[in-house]
Amino acid sequence: MTIASANPEILSELDRPNSYIGKTMPRPNLERLMQGRGLYVSDMEAPRMGQVVFLRSPHAHAKIIGIDAAAARRVPGVIAVVTGKELAEVITPWVGVLSHLKGLKSAPQHAIAIDRVCWQGEAVAAIVATSRAVAEDAAEVVRVEYEELEAVTDMRTALDPATPVIHPALGDNLAFERNHDAGEVDAAFAGSDEVMEADFIFGRHTGVTLEPRSVVADWNAAEERLTIYQGTQAPHMVQNIAALHLGLQEQQVRVVCKDVGGSFGIKVHIYADEMATYALSKLLRRPVKFVADRVESFNTDIHARDHRCKGRIGVKRDGTITAFEIDDLTGIGPYSMYPRTSAIEANQVVNLVGGPYVTKNYRARARVVFQNKNVMCQYRAVGHPIACSVTEGLVDLAAAKIGMDPVEIRRRNLIADDGYPCASPSGLRFELLSHHAAMNKLMAMMDYDALRAEQAALRAKKVHRGIGIASFIEVTNPSAAFYGVGGARISSQDGVAVRLDAQGSVICQTSITEQGQGSESLTAQIVGSVLGVSMERVRVISGDTDNTPYGGGTWASRGAGIGGEAALQAAKILRRNILNVAAAVLQSSPAELDIAGNAIVNASDGAPRMELRELARIIYFRPDTLPPGIRPELMATRHFVPREYPFAFTNGVQASWLEVDTDTGFVKLLRHWVVEDCGTLINPQLVDEQIRGGVVQGLGAALFEKCIYDERGQLTNANMADYLVPMSGEMPDIDVGHVVSPTSETELGAKGAGEAGTAGAAAAVANAVNDALRPFGAVITEIPLTPQVILTALGRI
Amino acid sequence: MTAPVSISLDVNGERVDALVLPRLNLADFLREQLQLTGTHVGCEHGVCGACTVRVNGEIVRSCLMLAVQAHGTAVETIEGLSDSGEVADLQAAFRDRNALQCGFCTPGMLMAAQDLLKQEARPDRDRIREHLSGNYCRCTGYQAIIDAVETTARVRGGRRV
C-alpha cells in the first residue's frame, strides 16, 4: 500500500527537484571510520589524565566488612584508591523509578557500593593510576573482606516468603506489577473451539557492543565545569543526570559524544561506574578515563529480556482468534536502572501482545522482580521480541491445532489495512498500518507456495526444514509519554539549527546523535534537499551539549521521525530567509525565486540568478550594499515532537527458512525475509541495513546468546569465547522489502525502523523450528534454541 | 613487572625505536605509544578481530602478540593501508554498500578481507563468510560486508560488476 499525498496538487518540500530524500547516498562519515581516523572515547587522551579500574565484587550478594587499600596506595603510579563511602561525599545516590509506572519501586543505588554488594560485578572501590596496567596491578593488592549473603537468583521463587528480600526496606522483591483486562476474556475463552497454552522462556542476553562503554570525565576546577566525553545515545540526559547528582547546574556540565562503537540501547543508560568516573574527576581535580574491559562489559552492561511468559490463545475453527492472555515474569537484577527504569520492558510487553490482531479480548499480568544478578534494562526493541514471540508462537500453536496454514490464520485476524485509525486491545492508538499489504509482499518475495512444496518434498527425504512467519508492530517516534510524564528529564523533542556560512555552505547542529545508523546522513539529505545545496556542502554537528540544541538523542527509533522533521522545518525557515534577502538583492520577489544547485534560480525556468556563495559574501561582508531595512537572518532553529499520537506505530512481517539437523540439534539458517513499513524512506540503503543488523541481533537471541548464571549468581560465560554472538559464517542473506505509509503527523512522514529487525526475528526462527519439528510432535517455546534444547524436545537426550 | 626492553620495528614504512614493558601487547603499543588508534580493541583475547594488523605480511591479532615479539618485524595498520592506497578499492566498495555502521570493527574487517583477496582471486560468498568469521560485527548483519568484498574481488579479477 503506497499512500499518495492527500492533496497531490500541493507539492511539498519533499517533491522538490534534485531532492536527496528517498535516495541512497553514501554516509558522509564513512571515510573517517574506514581509514581508522575516527575518534572513539576509548581513543581519547587528556593532559594529566588518570585511568580508573574498578575493583568489583566476586560475590552476587555480600556485606562489605572492610576494605584495606594501604598496599594499593603505595604502588608507584597510583593516584588514588577511593571507596564508596569516600565517593558519596561528591555524588548523591539515585532511585530508578518513574511516577507513571504506578507502584514501581527500587532502592537507592550508589556510584560505588558502600556497605553491601548486590550483584557479582558491582564496584566496591576505584583505583586511579597513571595507566590502566598500574591500576590493575594495584587493584590486585586491595584487600576486601566480605560476608557472603544468600543470593536471590531464580525469578520464579523471588516472591516466595522463604526467599530473602534483597532490599528489606522495600518489603518484598516485587519491583512492579501491571494488570490489564480488556474485553470479555473469560467469555471469549469459553466460546472458543480450542484454547492453547504455552510457557515461553527467554534467556538473558546482552548487547556486546564492540567498543565497550567508555568515559573520559574532565573536571576543570578553574572553570568549575565538567566535560564528559562519552559514547552515549542521549547526551543531554547525561548532562542533566551528572549535574543533578554532582550538585552542579546543567550549564556546568558539557557532554561530548564523538564516534560510538555500537550502542543498541546499551549506551542509552547511565551506569554506576560512569557516575563514579564523573565524581572521581571532580574529587581528584583531573581528567579520569574509564574503559570497561570485556569481562566488565559482560558483568555490568545492562542485560536484556530474561522473561518467562505464560500465554493462552483462544481460537474458533474458522481461524478467528477470540482472546489472548499472558502472565509475564521478568527479573531485573537488584536495582531498577536509572533514569529510564527497568519496568519499561514488561510494560511494553503488556502493551504489545496481540497488537497486530483484531481481537479486543486481552488480559495481561506482568510482574517485575529483583534478583542478585546484573541489572536488566532496555535494549534494542524493548519488549518487542517477547511480545512478538509470545503472540506469534500462540498464533502458530492455534493454527496447528485447527489445521490451518499459518499465513491464512494471520490473514483472517490481522487488522484490515483500511481499518485505521483504531486502537489495540491495550489501548494503543494506531494511525495507519499495513499488515495485509506487508504480508502480500512477503509472500511474493519468498514465493511461499513454492517453499512449502520444497519443504514437503525434502521432508520425504528426511530433511527437516521449516518456515516461520512473524507479524509485528513496533513503537517509534516516542513523545513525552515514555519518560517525561513519569518525571524523568529525558527530552522527547529534538532540535536542529541550520545556518548558511560565508561561502554558501550549510552547517546543521542537531540534538540527535550518530552511532552508525546514519543520523548525520539523513540530516544532511533533508537539509540539502530543502535548501537546494549539494550534500558535500552540508556539514552536520551532533553529540555536543554546548553546541547543539537541547534534545533527546537517538533511542526508540526517533532520529529520522523526530530529528529529521526538526531538520526539515529548520531548513524551510532558513530557505525562506535566504529567498527574502535574495529577492531584495535581485530586485525580485521571493515567490519568483528558488534555490537549486547551490544557487538562487528563477522559480519559473530554473535559470541561475546568483550563486549562494555570492549572496553569502554580500550578506556577511558587504551588508552596507544591501537595500535599507533588510536584516538577513542566515540561521534558523526548529524543534519538533509528535503531539497527536504519543508514538508512531510501524508494522512489518518476517519469515525464516531454516533446516534442523535432528541428529545434532543444530539449526542452519537458509534465508530470511522482512517487509517493513516505516513510512517515508529517507535513505533506503540505510533503512535496509538497519533492518538487517537488527534481524541479526534477533537471530543471535534466537539461537546463540545467553548470559548463563549459576545458582550463586555467578555469570559463568562472561567472555566472547563462551558467550556466542552471530558470526558471518552462520548468518543467512536477508531480503528486505517495504510498504510505505507515511505518518501524517509530520511533513516528512518518516517513522522509525531501528527496532523492526530485532522485534520479529526470534519469533520467525522459533516458529520455523517448530514447523520443521512438526512431524516429531515436538513444540519448543524457549530461546535460545540451542542444540541441547532441540535434542531435549526431540527426546534424544 | 620487569624492566623495559628496547625494540626496533618498521610500522607503516617508518622505523620505530621504543622502550616497552615485556607484558605490553602489540595492540596497546600501537594505540597508546604510537597513537595509531585505528587498531581497535574489542575483546582482549583474540576472539573479535577488531585489533587485526599485518606483521611481515600476515594478519595477526595484535591483542595476542606482545610488542617485544614485534621486534625486527614490519607492522602495517589500517592507517598504513589507507595511506598507501592498497585498500582504496575495498574501502570504496564498503562506502558504496554501507558495509559499516559504527565502524569499530571496520579496520579489522578490512585487514581480514584484504588478506583473503590477496590469497584468492575469486572467493565465493561462502568462502568470504568463512574467512571473515573471526571478525565480529554487531551492526551490519554481515551481508553488506560480504557484498562489498565480493564486489571488490570481481573488480580486481577484471570482471564486470
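Q: Where does Pro784(A) sit in this predicted model, and which kind of peptide bond joins Ile783(A) and Pro784(A)?
A: Start with the general idea: most peptide bonds are trans. Here, Pro784(A) lies in the loop between strand 29 (782-783) and helix 19 (787-793) of chain A. Its bond to Ile783(A) is cis, with omega about 0°. Another cis bond links Tyr338(A) to Pro339(A), again with omega about 0°. Pro339(A) is in the loop between strand 14 (321-331) and helix 9 (344-352) of chain A.

Q: What about phi of Phe264(A)?
A: Most residues other than glycine have a negative phi. Phe264(A) has a positive one, near 60°, and you'll find this residue in the loop between strand 11 (253-256) and helix 7 (272-284) of chain A.

Q: How do I read the packing of helix 17 and helix 18 of chain A?
A: You describe two packed helices by the angle between their axes and the distance between the axes. For helix 17 (residues 684-703) and helix 18 (residues 756-773) of chain A, that's about 40° and 7 Å. So helix 17 of chain A is oblique to helix 18 of chain A, and their crossing is right-handed. The contact residues split into eight nonpolar, five polar and no charged. Among them, Ile691(A), Val695(A) and Leu699(A) come from helix 17, while Ala761(A) and Val765(A) come from helix 18.

Q: Where is pLDDT under 50?
A: Look at residues 1-8 of chain A, for which the model has twelve contacts beyond four places in sequence. Chain A as a whole averages 96, with 98% of the residues scoring at least 70.

Definitions and conventions. Residues numbered from 1 in each chain as written. Chains lettered and ligands numbered in written order. Predicted model: local features only at pLDDT ≥ 70, side-chain atom pairs only at ≥ 80, totals over all residues. Heavy atoms only, no water. Axes fitted to C-alpha atoms, helices over the stretch in contact; angles between N-to-C directions. Helix = DSSP H or I, 4+ residues; strand = E, 2+ residues; numbered from the N terminus. Parallel < 35°, antiparallel > 145°, perpendicular 65-115°, else oblique. Left-handed = near helix turned anticlockwise from the far one by under 90°. Contact = heavy atoms within 4.5 Å. Nonpolar A, V, L, I, M, F, W, Y, C, P; charged D, E, K, R; others polar. pLDDT = per-residue confidence, 0-100.
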